[in-house]
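Here is a short note on the side-chain contacts, for someone opening this entry for the first time. Please keep the structure in view while reading.

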Amino acid sequence: MRPREKGGSLTGPNPVDRGKKGSKLHVLSEAQGIPLAVAASGANVHDSQAFKPLLLGLPAIRSRRGPRRRRPVKIRADKAYFSAEHLAWLRSRRLIPRIARPGIESGERLGRHRWKIERSIAWLFGYHRLAARYERKGSHFLAFLGLAAALTCYKKLAKLTT
């Protein structure tokens with residue numbers, strides 16, 4: 001392996017890019033697109049496997065205005081996350097699932113909300129260290145990903161207060 005080649009942990013053969021090694025980002029954001037929790041996995045890992053760990057990694061929500069909440073109310077996700085197991089798990093945690101059903105609902109209704117998460121991922125990829133994966137250790141990549149998410153949160157929240 002050459003020194004600047006992708007590899008290491010949290011990589012896998014990309015199913016759509018001739019089997020090249022790559023990583024996939026998973027982002028959980030609030031309604032305006034500010035990232036709350038981030039994770040990475042190999043490119044060959046299905047999205048649904050990161051669903052529960054990402055939600056469990058969500059920090060408690062504290063608000064000064066309105067009724068106090070410790071958890072989100074609704075969870076929006078695309079068709080990749082639809083399964084009876086996920087729906088039951090969300091309902092057991094008293095969360096309202098808004099997940100498109102494959103073959104029944106079109107992606108247009110969810111598209112009104114999906115662009116926010118796509119924008120969040122674009123904000124993270126604005127940090128060029130994440131755009132091309134060079135770290136061999138997955139822990140190093142996750143550290144840079146967490147730092148990028150923290151900087152993004154700071155920038156967006158600082159812009160709101162001014």
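How many salt bridges does a search of the whole structure find? The search finds three. The model is a predicted one, and the points below take its contacts in turn.

1. Lys24 and Asp47. These two residues form a salt bridge, with 3.2 Å between the closest N and O atoms. The pair links distant parts of the chain: Lys24 is in strand S2 (residues 21–29), while Asp47 is in the loop between strand S3 (35–42) and helix H1 (51–56). The two residues are 23 residues apart. Lys24 is partly exposed, because its relative accessible area is 24%, and the range for that class runs between 20% and 50%.

2. Glu85 and Lys52. Their side chains meet in a salt bridge at 2.8 Å, N to O. Glu85 belongs to helix H2 (residues 84–92) and Lys52 to helix H1, so this contact ties together parts that are 33 residues apart in sequence. Glu85 is exposed, with a relative accessible area of 52%. Lys52 counts as partly exposed, at 22% relative accessibility.

3. Glu135 and Arg129. Here the closest N and O atoms of the salt bridge are 2.4 Å apart. Is Glu135 buried or exposed? Glu135 counts as buried, because its relative accessibility is 5% and the class covers values under 20%.

4. Phe51 and Tyr81. The structure holds one aromatic pair, and Phe51 and Tyr81 form it. The ring centres lie 5.3 Å apart. The angle between the planes is 35°, and the pair is tilted; planes under 30 degrees apart would count as stacked, and those over 60 as edge-to-face. Why does the pair tie together parts that are 30 residues apart in sequence? Phe51 lies in helix H1 and Tyr81 in the loop between strand S4 (74–77) and H2, so the contact joins those two parts.

5. Lys156 and Trp123. What lies over the face of Trp123? Lys156 does, at 4.2 Å from the ring centre.

6. Helix H1 again. Helix H1 holds Lys52, which pairs with Glu85 of helix H2. Phe51 is also in helix H1, and its partner Tyr81 sits in the loop between strand S4 and H2.

How values were computed
Residues numbered from 1 in each chain as written. Predicted model: local features only at pLDDT ≥ 70, side-chain atom pairs only at ≥ 80, totals over all residues. Heavy atoms only, no water. Salt bridge = Lys/Arg side-chain N within 4 Å of Asp/Glu carboxyl O. Helix = DSSP H or I, 4+ residues; strand = E, 2+ residues; numbered from the N terminus. Buried < 20%, exposed > 50% of the residue type's maximum accessible area, 1.4 Å probe, protein only. Phe/Tyr/Trp six-rings, centres within 6.5 Å; stacked < 30°, edge-to-face > 60°. Lys NZ or Arg CZ within 6 Å of the ring centre and 35° of its normal.
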